[in-house]
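This report looks at one helix and its surroundings, and then at the pockets of the model.

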Amino acid sequence: MMKLQSKLPALGTTIFSQMSQLAAEHQAINLSQGFPDFPSNPRLVELLSEAARSGLNQYAPMPGVLALRQQIAALVQSCYQRQLCAEQQITVSSGATEALFVAIQALVRPGDEVIVFDPAYDSYQPAVELAGGFTVHVPLLPPLYQVDWAQLEKQISKKTRLIIVNSPHNPTGAVFSHQDWLSLQALVLKHRLYCISDEVYEHLVFDGQPQLSANQYPELAERSYIVSSFGKTFHVTGWKLGYAVASAELTAEFRKIHQYVTFSSFTPAQHAITQLLAEQPEEVKRLAAFYQLKRDQFRLGLAGSAWSLLPCRGSYFQLADYSAFSDLDDVAFCQWLTREHKVAAIPLSVFYRQAPSQRIIRFCFAKEPETLARATEILCQLSVLR
């Protein structure tokens, strides 16, 4: 039998699946994969049930239910003062990951270079490679993981087609400033590039910082796909519902591919979220304070311990340096932590093409207060492992 030649020969099962499986095997507290352990809004569940019972179970329109797209347009207007055409500029997707994949396929041609920032979300590179492109990895350095825009420009070549940004950033919790967005816009325009702005944690910005988006920078927005996630916003990651905002021209190209990837997305959920956005628009506005309390509980729970916590300005992830009590590499350390102490985390090195020498791991704090209390109590009791 002829052996199939893999298009992604270096890839196996993701670290997220591996660590969640290990956590289940050892009955560990799972702070690895980024999903909540608390219920979503009960009203949203009721609305989903109502939509299904009323017969809204067939294909939704390919771009998404129009009423939902209209609610998205209203949300973008409220948050970022950008006016969108629901018909021509918004497409509902089967999760943000599908939107990212489709946007990359729409933009990247064989031989194109795509700039990504390490540590980077793991879906970017495979999607670029499947489109025939190549990723150029620009490292961000702890503790702030800020972009050096002057150094970045040196990485731009005649083959550069696209820059992928992510703010608030997974896994570091870094957040772009106004000057960061202006610098990105200037580079995109100067070199006639495109941008994909991964904004799935857009509503999780802490400490009174402004909630900024590519939507607020008109010349950048015109050359961007801006991707977001209802799964993150409404604590329903299993519904796999996201959306992409773009110019009419870019949206038309996006939809050409989207229609042959999923065609349409979870119909009852589209109607449920439409109704919740109409009934409870304040739900989104409460997210930052809701998650900041969880971040603060987690950080306070580790105060005075040997853990060194890096800044977390957004998202629901906290980076922690464990070098004070272990020389293990981060993969081995996360495995040891899960097996021996029943707390699962994600090693930071998996987010890099070439990881620097560091001992940093990622915790997810999108958990119940009791879960966070149990986890931090265990983490504070770790002994030195050399």
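Just after helix α1, Q27 takes a positive phi of about 50 degrees; helices (H or I, at least four residues) and strands (E, at least two) are DSSP runs, numbered from the N terminus. The model is predicted, so that local features need pLDDT of at least 70 and side-chain atom pairs count only at pLDDT 80 or more, while totals for chains, interfaces and linings use all residues. Residues are numbered from 1 along each chain as its sequence is written, and side-chain values use heavy atoms, with hydrogens and water left out.

Within α1 (residues 15–25), I15, F16, M19, S20, L22 and A23 are buried, whereas A24 and E25, on the other side, are exposed (buried means under 20% relative accessible area, exposed over 50%, partly exposed in between, with a 1.4 Å probe and protein chains only). Because the buried residues fall within an arc of 160 degrees seen down the axis of α1, they line one face of the helix; the arc is that of the directions from the helix axis to the C-beta atoms.

Two pockets follow, a pocket being an open set of points on a 1 Å grid over the protein atoms alone, where a 1.4 Å probe fits, with protein on both sides within 12 Å along at least five of seven lines; lining residues have an atom within 4 Å of a point. A volume is the space filled by probe spheres set on the points, which are joined across faces, edges and corners.

| Largest | about 1100 Å³ | 45 residues |

Closest to the centre of the largest pocket are T14, F16, Y121, D122 and S123.
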